[in-house]
Amino acid sequence: MCVSGEQCPNMPLSTESQPGDEQYVLVATLDNVRNLSNILKAITFKDHAIFNATRNGLKVTVEDSKCLQANAFIQAEIFQEFVMKEDSVGFQINLTVLLDCLTIFGGSTVPGVTTALRMCYSGYGFPLTLFLEEGGVVTVCKINTQEPEEPIDFDFCSTDVTNKVILQSDSLREAFSELDMTSEILQITMSPCQPFFRLSTFGNSGNAHYDYPKDSDMMELFQCSTTQTNRYKMSLLKPSTKALALSCKVSVRTDSRGFLSLQYLVRNDDGQICFVEYFCSPDEEVDEE
């Protein structure tokens, strides 16, 4: 990685095309870098991430041991400029290094003070170049990229979804605060009849259950066609609490195989909507209590 900082009288971060832009296959600019860095923090549980850009925006994927996958979707409309020369662009990058660069000015939360970003990529084998500006100071970061690996296909199809609920994120945060997080697994029961939607843990302090009535004020949607109880390793689910902390709503879905989808609706600093989705495979090794 190459990093340099310099005073720059001619701001290179204008949303208008710049001299030399023709060398890039991807150019994206943001007036506020937090609109990208915050959503990436929600999926940072491994060092490397797969970036896939299309004209619709960015999809960033992080995976763990073929059992967990997180995807962050940042629509093209979030950016002040989003220009692509090809139909799709993909690369793998060190996500930890990228976040260090995106927050190089400290991620200021002072009202009216934001860090602007211009992100450029020239194609296969080239580094990802970041121009970051705050208070007239521009820092240029170049981060090596690698050929992307093929993401795991969890084959989670909406037509195979058996149960789905949409909750206010506050209520799920409350549930996690009351459940025993020393438990190695989280058990999720979804049913058209009682207990409707139940979260259970089996930790050092005993068994704990957290139930949601289907007519709860916190329940925006309840669509359960069959009774289903599945268990998931808590170690796999804990990374998703980063997305939960940022989100205002969460969709919980399971398919006929027991695979879990957690889709978080996140509003950025400008009130725009992004999505973070976690896929988790069920744990088949834990004996029934």
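How many of the eight residues of helix α1 are buried? Six are, and the helix, which spans residues 34–41, is mostly covered. Buried here means under 20% relative accessible area, exposed means over 50%, and partly exposed lies in between (1.4 Å probe, protein chains only). Helices (H or I, at least four residues) and strands (E, at least two) are DSSP runs, numbered from the N terminus. The buried residues of α1 are Asn35, Leu36, Ser37, Asn38, Ile39 and Leu40.

The structure is a predicted model, in which local features need pLDDT of at least 70, side-chain atom pairs count only at pLDDT 80 or more, and totals for chains, interfaces and linings use all residues. Residues are numbered from 1 along each chain as its sequence is written, and side-chain values use heavy atoms, with hydrogens and water left out.

Asn230 belongs to strand β17, which covers residues 228–233. Its relative accessibility is 13%, so Asn230 counts as buried. Contacts were taken as heavy atoms within 4.5 Å. With neighbours within four places in sequence set aside, Asn230 is in contact with Leu186, Gln187, Ile188, Thr254 and Gly258.

Several loops carry backbone features. The peptide bond joining Gln194 and Pro195 is cis, with omega of about 10°. Pro195 sits in the loop between β13 (185–190) and β14 (197–203). Ser65 is not a glycine, yet its phi is positive, at about 50°. The loop between β4 (57–64) and β5 (68–75) holds Ser65. Asp155 is likewise not a glycine and has a positive phi of about 50°. Asp155 is placed in the loop between β11 (145–146) and β12 (161–168). The relative accessible area of Asp155 is 53%, so this residue is exposed.

The cysteines were examined next. A disulfide was defined as a pair of cysteine sulfur atoms within 2.5 Å. A search of the whole structure found zero disulfides. Cys141 is in none; its nearest cysteine sulfur belongs to Cys101, 3.7 Å away. Cys141 has 0% relative accessibility and therefore counts as buried. Cys280 is also in no disulfide. For Cys280, the nearest cysteine sulfur is that of Cys67, at 7.3 Å. With a relative accessible area of 2%, Cys280 is buried.
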